[in-house]
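Please look through the chain below before reading my remarks on it. They are set out as numbered points.

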Amino acid sequence: MDLSEKMLSAGKGALFLTALSAISQVLGFFYRVAGFIVAGQENSSLFFKWHPH
């Protein structure tokens with residue numbers, strides 16, 4: 001395996017991790033929205049006091 005093949009492999013790995021990160025962020029957003037809908041506005045403010053992110 002020469003250097004160009006290693007660079008291509010590293011690029012694919014970086015792209016894969018970037019895509020997984022983006023998917024994780026989107027899923028986390030919808031999870032949080034669903035939690036707010038279930039918990040209601042009052043409990044959501046308590047969540048932000050406990051977990052400011």
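The points below go from the model as a whole to single residues.

1. This is a predicted model, in which local features need pLDDT of at least 70 and side-chain atom pairs count only at pLDDT 80 or more, while totals for chains, interfaces and linings use all residues. Residues are numbered from 1 along each chain as its sequence is written, and side-chain values use heavy atoms, with hydrogens and water left out.

2. The chain has two helices and zero strands, where helices (H or I, at least four residues) and strands (E, at least two) are DSSP runs numbered from the N terminus. Of its 53 residues, 2% count as buried, a word that means under 20% relative accessible area, with exposed over 50% and partly exposed in between (1.4 Å probe, protein chains only).

3. Helix α1, which covers residues 3–39, contains Ile23, and this residue counts as partly exposed because its relative accessibility is 49%.

4. Across the whole structure, one aromatic pair is found. Phe29 and Phe30 form this edge-to-face pair, with 5.3 Å from centre to centre and 70 degrees between the planes; rings of Phe, Tyr and Trp (its six-membered ring) pair if their centres lie within 6.5 Å, and planes under 30 degrees apart count as stacked, over 60 as edge-to-face and the rest as tilted. Both Phe29 and Phe30 are exposed.
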